[in-house]
Each structure stands twice: as C-alpha cells, then as structure tokens.
Amino acid sequence: LATASLSDPDEIKEVIDGVDVIYHCAGMTAAFDAKPLEEVNAQGTARIFQAIERCSNPPKRVVLVSSLEAAGQCDPNIARREYHAVCPHTRYGISKLHGEHAAYEAAQRGVAEVVIVRPPIVYGPRDKDVFQMFQAARHGLIGQPGLRAAPVSIVHVADLVRGISLAGAEGTPVPVEPDSHVLAGGGLATTTISSEHAHAEGPGIYYFGDGGGHTTTSFCEEMVRAFGRRPITLKIPAAGMWVVGAATEAVGRLRGKVPALNLDKVKTSLGTGWFFDHS
C-alpha cells in the first residue's frame, strides 16, 4: 500500500512509476463552494498527468471515474448518450467536467490513453448518501424532490466496479485530435438521437447502469417494499427543497461539515432527468 496526495505531483510520481493502469477514483462530492471541488476534482486530476510525464516508466492508461453530473441533466423523455453535448449545472458536475477536460487534453499531448467512466446514482456497501434513503425507507417514508419524479439511472457498486475494471482492460480510449468530440466542444443536442450507436462525438466515455427505468421515488418504493412496509410518499415542491437545502447547509456551516442535502444537491435533485442509454 502506497499513499500520495493529489496536491503533489512528485508524491504521485513515486507511487505510479512502473504501474500499467491508473484507476483514478479519488474525488470530492460536496463542498460549500466551488473552490475545494475544483482543487480536488479538476486540479487533482491534472496533477496525475503531470506526474505521469515525470515517470521513467509511465502508466500507459488512465481510467478516470467521473460522474453523470459532468455530462449534465438530460431531456426527461430522452436518455443521454455518450455523444450528447455536455452541460453541467452544479458545482460538483462542473468540477468533474473540468477533470475530464484535463484528462482529455493530456491524451491529446500523448501523455497516456484515457478512458472516462460516468457513474449515475451508486448504492451498496460503504455508501453513505443513498444509505440515508434506505434509513427513511425503513420507516416507509419517501421524500420526492419536486412534484414530478424525474427519471434516473442507478447502479450497484459491485456492478460499477466490474464496469470500471472492464473499461481499464478493454475500453476504447478517447481519440486523439477529434474536433467534434464532446470534450472538444462538440456533441449533439440532448434531444437528438443518432442512428449510429458509436457516434464520432463520444468514444472513450462509458455509462454503467443496471438497465432499469427508475425515478428516485420508484427506487425508494422498492426499498420500502423490501422492508415489508407500505410506501408513504411526500412530494416536496421545489421551493420547499430550496428552503430545506438552505437550512441544512446553514447548520452544516456552523458545524463545519457539508450535509448530504446541500444547495448544490438540491439543484441536482430538481434536475429534469439523470438517466442514460446503458447499451
């Protein structure tokens, strides 16, 4: 076991020199403002490639674990595809996209092959955020953000890890110097579906999900039924979500700890849709 800080390329170099593939899973999911998210998710990713450039026996491939939020919300009736243009609107999503840009630019310089994985909602052992939904479901309670349940993609952590591993072993890397690639400013509108499955704008990006059609409400209903209870759904209007988010964030600032439901996460929860074509 070797450790290094994402803030120090020289430390990173010492632990990656001689390895074949880097699976970059380190990241920050929540903060009170954009600066720490950018420092970890964007600059931290850039420093990994700086470290690779200093290696005598550099890794050949980097698998960057990004986020569906880096791509942005989708049309509520059309699943997002890899070739759809990116449009993140949360602090977290923007910072993860900036990390993707750092990786993409390094690939263009020939530093290493880059494969990008964008997970959706992840649940399973050691998760703390979705676990709170399970805790509420144990009592039969479901809080639905907004009056309309938005479609979402979901994956269990074991399936996601298998997908990340496969991406490292067999995934197609982002191409070099493609002007139309989504990370070069290209991509189709989220309301457009291409007849080409592997459209030129999206190679090297992978979405992994369970293949099901979900909303956060339907997902929680399954949790409630698993506990043998009857679901009780409370629809919380957008205004109410913003009030609750502001209150929990204010308390979090006093305690010095970012709460699971903060204003950035409210913005995510009220999105038009967070689901993709898993094929």
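This is a predicted model: local features need pLDDT of at least 70, side-chain atom pairs count only at pLDDT 80 or more; totals for chains, interfaces and linings use all residues.
Tyr23 stands opposite Val63 in β2.

Then I asked in what order the strands of the open sheet run. I read β1-β2-β3-β8, four strands with parallel pairing. The edges are β1 (21-24) and β8 (205-206), each of which pairs on one side only.

I turned to the helices that lie across the strands. Helix α2 (residues 34-53) lies across β1, β2 and β3 (113-117). I noted that α2 runs at about 165° to β1. Helix α4 (residues 91-108) lies across β2 and β3, and I noted about 165° to β2 for α4.

My last entry is on a helix pair. Two packed helices are described by the angle between their axes and the distance between the axes. For helix α1 (residues 9-16) and α2, I found axes that come within 8 Å and cross at roughly 60°. I therefore put α1 down as oblique to α2. I also recorded the crossing of α1 and α2 as right-handed.

Which residues make the contact? From α1 I listed Pro9, Ile12, Lys13 and Ile16. From α2 I listed Arg47, Ile48, Gln50, Ala51 and Ile52. Sorted by class, the contact of α1 with α2 has six nonpolar, one polar and two charged residues.

Technical notes
Residues are numbered from 1 along each chain as its sequence is written. Side-chain values use heavy atoms; hydrogens and water are left out. Two strands pair if DSSP finds at least two bridges between them. Helices (H or I, at least four residues) and strands (E, at least two) are DSSP runs, numbered from the N terminus. Contact means heavy atoms within 4.5 Å. Axes are lines fitted to C-alpha atoms, for helices over the stretch in contact, and angles run from 0 to 180 degrees between N-to-C directions. Angles under 35 degrees count as roughly parallel, over 145 as roughly antiparallel, 65 to 115 as roughly perpendicular and the rest as oblique. A crossing is left-handed if the near helix is turned anticlockwise from the far one by less than a right angle, and right-handed if clockwise. Ala, Val, Leu, Ile, Met, Phe, Trp, Tyr, Cys and Pro count as nonpolar, Asp, Glu, Lys and Arg as charged, and the others, Gly among them, as polar.
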